[in-house]
Amino acid sequence: MDKTLKTLHLRLDSTSKSLTKNAISQLIIKVLFQHEKPLKILQIETDLEKILKTKIETNRVLEGLEKLIEKKEINFEKDSYELTRPNRRELEKRYSESKNRLNRIIEKYFSPFHSDKDVVIEWFSDATVEFFKSYSIEWISDLCYTKSEKLKTKKENIFKHIERRTQHNTELDKEDKTNLIESFVECIVHKKDSDLDALLWEYGTSAFAANLLQSSIGADPISINAFRDSKCVLDTNVLMNIGLEASEYHYAIKKLDTIFNELNINTGYFHITEQEYIKTVANKKKDILKTASKFAFEVIKETDDHFIQSAIKRKCRLYEDFETFTEQISLPPKRLDEKKEINLFNNDENLDIEIQNAQNDAKKKEHLNSLFKDVTGNNKKEAPLLHDVGLIAGIEYYRKTEKAFVLSQEISINKYSHTKPIKDNLPIAIKLETLINMLAIDNGGTDVNPTDFSNLFADMIRFNLQPDKNTFEIADLSKLLETELQIEQLPSEEVIKIANNLHKNRIKGLPEDEISLALNREFQDVKLKFVADLDVAYESLSYEKREKEIKTNQLSKTEKALRDIIYAEELKKFDNRVFKNQLIWYGAIPLCITILTCIGIYYFNNDNQTDYMNFVISIIINIVFWVFTSLIIITPKLRKKSLYEKNLIEKIVETRFENEVN
């Protein structure tokens, strides 16, 4: 349920919507980059469908294209789109930089290895994708907050994850696998340089874009489970749109046919609806044939009536053609399109009794009429009122024992549904537009799982569809992190409650901005509730925190004192060594050599006067020699040695401190 709520929050949040548009624009740029010639909108949609594994609304593609035209990143001429020349050159440069950067990383952190270099590069790319599939939130946390070290806490898990993935790679040399995995984890968790940062940003923002895109397509699991194995009772206004080629819902209904079949939705209508349909179409037949007999085809084809336009799409030209068309639609359709059969629900006597009793109930008719009048300002005609009262009674009878709902465009039926509680996550009635939105008919349908972006992310890396480095900012990623953490911190029962309330608002057909507002308010209400409920706990935690801080401070003072003592001892040892070295090199050694020189002179010369002068000369020579030797050789060496030993003091202090503590 957590994943579903996160997905729906991303889909409805206004900031996420804007970021998703950016992600779509970036995909469009990559599609145009892969083609040398300009593309029409249909070709762009086809290529996007290959990437996303589903078709998205044309309006979303057009919004992305308009945004790129405004930013002068693409040109639009003769109903076709192409990259501007500077933008194409810039993209080529970025691809080259990305490739060179990857090579540098492999050489710097993974060499040497026995495997082929291309195999190692492919493995590294695959391993990085696997890392971001599972640990993108931890990466974002460490990126956004300098004191966060989430990845370090997951180091062992990351190693095992990549190890499992790597063991199945038969192209890598067996001797390389362990070293490669260790180097990978070290790079991800500890290493920092411009190449690595750029590569991780490239992969991380690709995962972010894939998450946004995937969250915006496909029906959510709550909706799918709600409608699965249910019963759908069709109202007259829906039946009259089925099979009509010019209906605004024609293509949506064709898609509903497949989805209703997949979800095993039992589809049909009541006997009272059959009667209303036949009567309504009979009246429509008169209008169609009157128009066909009165006007020429050139005039008829200009009408905006979807019945006549549907007849024209069926090649109707003559009066007899239109007559044949009205016969074809005189009875309710037998199928939604090709797969799902439409049944007549008339095999239950108790159902007929419930419908008849409701139609005879003055209060029920008055209540439904008042709902209609509140919206339109007029009273509802008697025949449609009787039908709608009976339809509501029939669906309420079904809902006592099974999942069931009415698919209707009628105002009063939907208003009545909003006043009644939802059961089994289904309302009494739902509008066709709302059902199309809930099951994402024009936006992925039930074939796409909006909570799993991993395959899309992998394809974006594999086919070089990464967004430009400036498409997103750290603040954008922190928004995702905030949502994830906010939902993860809620108790499971609260998550379920929020998700179900969100589903109820969506199934009522509320505008998305109202749904988003209600969702954000509910998040805040839950946060405030738990703050109030946990005041006592917070006070206790605050006391414990203060006590812990006091003990920490006390411990810190003790540690500092111990470190100071050890440092003083080591510094004294250092000073003694320096003094000893100076005494030896500047005193003892020169003195010994001078004495030895004098002894040599004494034994080899017996002339007293000369002997005396020789002593003086030898002492002067020794002094001059040792002065120059000290300045040129001894002093620099002693200074270098002293500096080295002094730099080791901190390390020695740390080692001694750890030994003392442990």
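Helix α2 (residues 14-33) contains 20 residues, which at 1.5 Å a residue should span 28 Å; the expected span is 1.5 Å times one less than the number of residues. The end C-alpha atoms of α2 are 29 Å apart, in agreement with that value. Helices (H or I, at least four residues) and strands (E, at least two) are DSSP runs, numbered from the N terminus. Of the 20 residues of α2, 15 are buried, so that the helix is mostly covered, where buried means under 20% relative accessible area, exposed over 50% and partly exposed in between (1.4 Å probe, protein chains only).

The model is predicted: local features need pLDDT of at least 70, side-chain atom pairs count only at pLDDT 80 or more, and totals for chains, interfaces and linings use all residues. Residues are numbered from 1 along each chain as its sequence is written, and side-chain values use heavy atoms, with hydrogens and water left out.

The secondary structure of the chain consists of 28 helices and seven strands. The C-alpha trace spans about 155 × 65 × 45 Å along its principal axes. The chain has a radius of gyration of 41 Å, whereas a compact globule of 662 residues would have one near 26 Å; the radius is taken over C-alpha atoms, and the globule rule is 2.2 Å times the number of residues to the power 0.38. Of the 662 residues, 45% count as buried. The accessible surface amounts to about 37300 Å², with 52% belonging to carbon and sulfur atoms (Shrake-Rupley method with a 1.4 Å probe; for residues, only the protein chains shown count as cover). Among contacts (heavy atoms within 4.5 Å) between residues at least 6 apart in sequence, 74% join residues at least 24 apart.

The whole structure holds 25 salt bridges, each defined as a side-chain nitrogen of Lys or Arg within 4 Å of a carboxyl oxygen of Asp or Glu. One of them joins the side chains of Glu202 and Arg101 at 2.8 Å, N to O. Because Glu202 lies in helix α10 (residues 194-215) and Arg101 in helix α5, this pair ties together parts that are 101 residues apart in sequence. Both Glu202 and Arg101 are buried, Arg101 at 13% relative accessibility. Helix α5 covers residues 85-109. The two side chains also make a polar contact at 2.8 Å (a pair of N or O atoms within 3.5 Å; within protein, one must be able to donate a hydrogen and the other to accept it, and residues adjacent in sequence count only if both atoms are side-chain atoms). Not counting residues up to four places away in sequence, Arg101 touches Asp195, Ala198, Leu199 and Glu202.

Lys117 and Glu107 form another salt bridge, with the closest N and O atoms 3.0 Å apart. Lys117 lies in helix α6 (residues 117-144) and Glu107 in helix α5, so the pair ties together parts that are ten residues apart in sequence. Lys117 is partly exposed at 29% relative accessibility, and Glu107 is partly exposed at 43%.

Within helix α6, Lys133 and Glu130 are three residues apart and therefore separated by about one helical turn. Their salt bridge has its closest N and O atoms 3.2 Å apart. Lys133 is partly exposed, with a relative accessible area of 27%, whereas Glu130 is buried at 8% relative accessibility. Salt bridges link Asp126, Glu130, Lys133 and Arg165 in a network.
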